[in-house]
Amino acid sequence: MCGIVGYIGHRPAADVLLRGLQRLEYRGYDSAGIAVMNGTLAVHKKKGKVQDLAHLLENVQVDGSLGIGHTRWATHGFPSDVNAHPHANPSGDFALVHNGIIENYAALREKLVAEGRTFQSQTDTEVLVHLIDRLWDGGAISLEEAVRQALQLVVGTYGIAVVSAHDPDLLIAARKGSPLILGVGEGEYFIGSDAAPLVEYTRQVVFLNDGEMVVVRRSGYEVRTIDNVVLNKEVHELEWDLEQIEKGGYEHFMLKEIMEQPVSLENCMRGRVQPAENTLKLGGLIHEMDRLRAARRIVIAACGTSWHAGLVGEYLIESLARIPVEVEYASEFRYRNPILGEGDVVLVISQSGETADTLAAVREAKQRKVPVYGICNVVGSTIARETDAGVYLHAGPEIGVASTKAFTAQVTVLAMLALKLAEGRTISQAEMAHYLQALAAIPDKVRAVLETCDQPIRQIAQVYRYASNFLYLGRGYNFPVALEGALKLKEISYIHAEGYPAAEMKHGPIALIDQFMPVVFIAMKDSTYDKVVSNIEEVVARKGSVIAITDTDNGELDKLCEYVIRIPATEEFLSPLLTVVPLQLLSYHIAVMRGCNVDQPRNLAKSVTVE
Ligand code: M6R
């Protein structure tokens, strides 16, 4: 939520900032702005997309090699030019960008107003600007000291970057609860909410932790805690490269990421799934396996698509390894005083590794002295660092707001984990060998789904693109896939959609069925198939229009359904990895046909770093 970029070095800062904001735009896109230092601070900001800011800057000369930029996802104050960041102090001595929420802003604002200060915007951020201004007091103390002291007065979350009009060699950044990294170049430094704006210039990064502040000059940088303790931080090498964060010829990141799945799944399994040797390795959890196998209960916490992956994980771990699993919305977890005790372990799932609700669940569990493991995509992300151990997805950067390749990689990791937990306990060597073969075959099967289904799904999208509602139904392992299919459609096409366990339909949603209700059934020829066919009959009897995703050719579904999409067969427990792909494509094509902005759906942001 909100993207921050900062630059100090020898390049034209405005170019670096604008390119950086374009790469960060998936984090928020209701307004954007930059502040560049060149003797004075030139602040340019505009409601709308980064492209609107770029147009504004076309006719303006913005010189200078030091600056900050921001792309906003509004929390306090509607999207407008005035609420856009950066925010400068009243006399233009410094400017600040902020990601996060100042929770005590109302009380602070009241106090500052009583002191005679005037606010320009409705943002919580401006409170921080005034606090710094008051402490700085025209230069009574250094700007870095004023920032440090101001941060001690605010409650809430922040990732900030600050530049001064009086010092051409000073860039300040700090974080608490909102991600921030420092990119280290040759005589130049970059600040970013994530690696996207930096990888073009450097792969050397320093991850800032909560409560840390960095003061950057062209000659070097110093990291301190906001309590003023100097820290010696490690420099890490990024895994990402530029090509991975570009569209590579695709119209949208979402489509690119859907199409990448055969490769992202190969990468996810590389070095882990080895059918030839009948071995399965999960290096990140190798020392935790005994504890996990002995667990009384595994509690999975996640949000959105990652929560859906967690639900598949529940089915996988319970049926393969026979360990009880509970799946929690991370956003609810810590507010309901969860019962966690001896023998419980918590497993969190997050693509970004920065989701505030999921991070709060990690901290809640740690406070209760329960082991916490993570499944994350972004290497070095806060959740990856704060959990006791974990597994990376290795799916590559996911930029599209609608998560696709992260879901399949999450399910793959959960399938590997379930098998590892089951190994030598609830499944035999022979079964293991068979399952590893099946896992290793998945990327090619996903390839086949993409090749054969894309065209027919475009036709289906053409027919149903103006529907107002959709129902998605599946059973067993494919119930979470029904939820995921519905979420994808809602997010990017703004069509109302519900996912349900197929058999639950008769307990209520069946009342919705008429000739205007498209119903997507996942009807794989597995242990639930016959029951699902009965559910299809029930829908057809009420004139509902059925689209079925199946692996069977028996002709039965063709008689009942309007459209049948055929995908390869696999083991029942791996079927979500295939069945979700046509649903991703369906939502994508419908959204494109409705003229929706697929990569930047309204009101959403890729990484939800506020609670
Ligand atoms: O980065 P995370 O996996 O923690 O994100 C969780 C959700 O915010 C995310 O999955 C969201 O639901 C996606 N937009 C779904 O497409």
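Tutor: On a 1 Å grid over the protein atoms alone, a cavity is a set of points where a 1.4 Å probe fits but cannot get out, and lining residues have an atom within 4 Å of a point. A volume is the space filled by probe spheres set on points joined across faces, edges and corners. The model is predicted, so local features need pLDDT of at least 70 and side-chain atom pairs 80 or more, while totals for chains, interfaces and linings use all residues. Numbering runs from 1 along each chain, and side-chain values use heavy atoms, without hydrogens or water.

Student: How much space lies in the largest cavity?

Tutor: By the cavity rule, this structure has 3 cavities of 30 Å³ or more. Among the residues lining the largest one are Cys2, Trp73, His85 and Asp124. The space in the largest cavity comes to about 70 Å³.

Student: Which helix gives the most to the lining of the second largest cavity?

Tutor: Helix H15 (442-464), strand E26 (545-550) and helix H19 (576-593) each supply at least two residues. With 3 residues, the element that gives the most is H19.

Student: Which domains does the largest pocket lie between?

Tutor: A pocket is an open set of points with protein on both sides within 12 Å along at least five of seven lines. The largest pocket holds about 680 Å³ of space, and among the residues nearest its centre are Cys303, Glu491 and Val608. Its lining divides into 14 nonpolar, 13 polar and 6 charged residues. Because both give residues to this lining, the pocket lies between domain 2 (248-440) and domain 3 (446-597).

Student: How many disulfides does the structure have?

Tutor: A disulfide is a pair of cysteine sulfur atoms within 2.5 Å. The sulfur of cysteine 268 is 13 Å from the closest cysteine sulfur, in cysteine 376, and that is too far for a bond. Cysteine 303 is in no disulfide either, as the nearest cysteine sulfur, that of cysteine 376, is 12 Å away. The count of disulfides comes to 0.

Student: What kind of aromatic pair do phenylalanine 94 and tryptophan 136 form?

Tutor: Rings of Phe, Tyr and Trp (its six-membered ring) pair if their centres lie within 6.5 Å; planes under 30 degrees apart are stacked, over 60 edge-to-face, the rest tilted. This structure holds 10 aromatic pairs. Here the ring centres are 6.2 Å apart with 80° between the planes, so the pair is edge-to-face.

Student: Is phenylalanine 94 buried or exposed?

Tutor: Buried means under 20% relative accessible area, exposed over 50%, partly exposed in between (1.4 Å probe, protein chains only). At 0% relative accessibility, phenylalanine 94 counts as buried.

Student: What do the rings of tryptophan 307 and tyrosine 329 count as?

Tutor: Tryptophan 307, at 11% relative accessibility, counts as buried, whereas tyrosine 329, at 41%, counts as partly exposed. Their ring centres are 4.0 Å apart and their planes are at 10°, so the pair is stacked.

Methods
Ala, Val, Leu, Ile, Met, Phe, Trp, Tyr, Cys and Pro count as nonpolar, Asp, Glu, Lys and Arg as charged, and the others, Gly among them, as polar. Domain bounds come from an automatic or database domain assignment. Helices (H or I, at least four residues) and strands (E, at least two) are DSSP runs, numbered from the N terminus.
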